[in-house]
Amino acid sequence: MDLDPPTNPSSSTPKTPKSQTLSQTTIRSPPFSYAHLSLVTPSSSSQLDTLTARHYLTAALRQFLGDTGASMAIDMLLVKGAECWVRVPREDLAGFAAAVTAYPGHKVGGGEEEEMLMRVVGCGDWLGALVGREGEGEVWG
Amino acid sequence: MVRLKDRYLLVNIVYTDLPTGQKGPVPDLLLYNQPTIGELRPQTILKGIRSQVNALFGDCGSGSVERSLQVKYLSTATSTFILRISRAHYRLVWAALTFMDRLPVKDGRPCVFRVVRVSGTIRKVEEEAIRRAKLLVLAAKDEMAGKASSDALNALFRGDKDSVRNLALVNDDHDDAEMDEGEVSDG
C-alpha cells in the first residue's frame, strides 16, 4: 500500500511573514535622573512650596558638596502637599541623594521653632517607574 | 599589598601686586617670582588649601582630600612648594589652588598659586624644581642683559625639553643648595 507522499510544503497556503524589527535602540545613559522627596516634620499640617523646597535643597547641597554642589542644575518638576519631585543630571544623582540624606534639616519661619527635614522616597533614571511606585506602600500595607 | 597611588604637585607662588610702570634694577621676572616674606609655614598652606576645598567641594570633598594632603617641601626663598595628594582627588586640590588668591596668612599678599608639574613620584618633581630654578636664573640674566625674548624664558614658560637642550646650560655650583633648605617631610 502506497503511503501518500508527504505534501510538498511549498504548495501549502503561504504563511504570514514573521514580524520584523524595523529599528532597535538601547538607551544606555539617559540625560536626567529623577527623585521623589517628602517632608518629614512633626507638624502634620505642613505644606511645601517651591521656594522653600529649593532653598532646602540648595542648603543641603552646599553643606555636602560646597559651591559646586550648590550650583547643581536641579529642576523642580512638581511640588504638591508635602511631596516634591525633582530632576537632576544623571551623573549628579548619587551626590544629590547623599546630600539630602545627610542633611540634618534646618529651622524655617524666622523665629518659630519649626524644624524642616526632607527625606528621599525614591530616585532613579526613569520617572515612570518612580511615579508608579507611589502607591506601593498602600498596596503592601 | 595594595599600592596607594599619589600625585605630587609642584606649585609656584607668583606675586601679582607689583606697581606698574616701574623700571628698577631688578628684572620683572624676578619680581614676579620673588621670595616669600612672612609667616608661611607648611601648616598654614595646608589650612588654606583645606578651607578652600571645603568651600568649593563641601564636606564630601574635604573628607576625600584630608587623609593624604601633605606639604612635602616648602622653600620660601624660591616661593615653591611640593604637595602630595592621593591620585583620585588631586584635581580637587588643584582647583582649590586656582581659587586661592592671596597667601593664607593674616593680611596675606595677593598672589597666584601656579601648578607647574604633576607627577607620580617625588623624584621627578624634585628634578623639575631644579630644572626650573636653573632656567629662571638664566632667563633673569638674559632679561638683565636686555634681550627681549630669550630661549630660557620660553623654556621656562613652555616647559619644552627641546628648547632646554638648545640652551648651553652654564655649569652652576649652587643648585645643590636649592633642595637643602626648607626640606619638609613627614616625621
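Predicted model: local features only at pLDDT ≥ 70, side-chain atom pairs only at ≥ 80, totals over all residues.
Residues are numbered from 1 along each chain as its sequence is written, and chains are lettered from A, with ligands numbered from 1, in the order in which they are written. Local features need pLDDT of at least 70, side-chain atom pairs count only at pLDDT 80 or more, and totals for chains, interfaces and linings use all residues, while side-chain values use heavy atoms, with hydrogens and water left out.

Chain A comes first. Its four strands E2, E3, E1 and E6 make an open antiparallel sheet, in the order E2-E3-E1-E6. Here helices (H or I, at least four residues) and strands (E, at least two) are DSSP runs numbered from the N terminus, and two strands pair if DSSP finds at least two bridges between them. Strand E2 (75–80) and strand E6 (118–124) of chain A each have a single partner strand, so one side of each is left without a neighbour in the sheet. On average, neighbouring strands are turned by 20 degrees against each other, direction ignored; axes are lines fitted to C-alpha atoms, for helices over the stretch in contact, and angles run from 0 to 180 degrees between N-to-C directions.

Within this sheet, seven bridges link strand E1 (residues 32–39) of chain A to strand E3 (residues 83–89) of chain A in the antiparallel sense. One of the residues involved is A:Phe32, whose bridge partner in E3(A) is A:Pro89. Helix H1 (residues 50–70) of chain A packs on the sheet and touches E1, E2, E3 and E6 of chain A, with its direction at about 130 degrees to that of E2(A). Contact means heavy atoms within 4.5 Å. Helix H2 (residues 93–102) of chain A lies across E1, E3 and E6 of chain A and runs at about 160 degrees to E6(A).

Chain B also has an open antiparallel sheet of four strands, ordered E2-E3-E1-E4. Its edge strands, E2 (70–75) and E4 (111–119) of chain B, pair on one side only. Strand E1 (residues 6–15) of chain B is joined to E4(B) by eight bridges, and the two run antiparallel. Helix H4 (residues 122–145) of chain B packs on the sheet, touching E1, E2, E3 and E4 of chain B, and its direction makes about 25 degrees with that of E1(B).

How do the two chains meet, and how many residues are in contact? Seven residues of chain A are in contact with seven residues of chain B. Between these chains there are zero salt bridges, a salt bridge being a side-chain nitrogen of Lys or Arg within 4 Å of a carboxyl oxygen of Asp or Glu.
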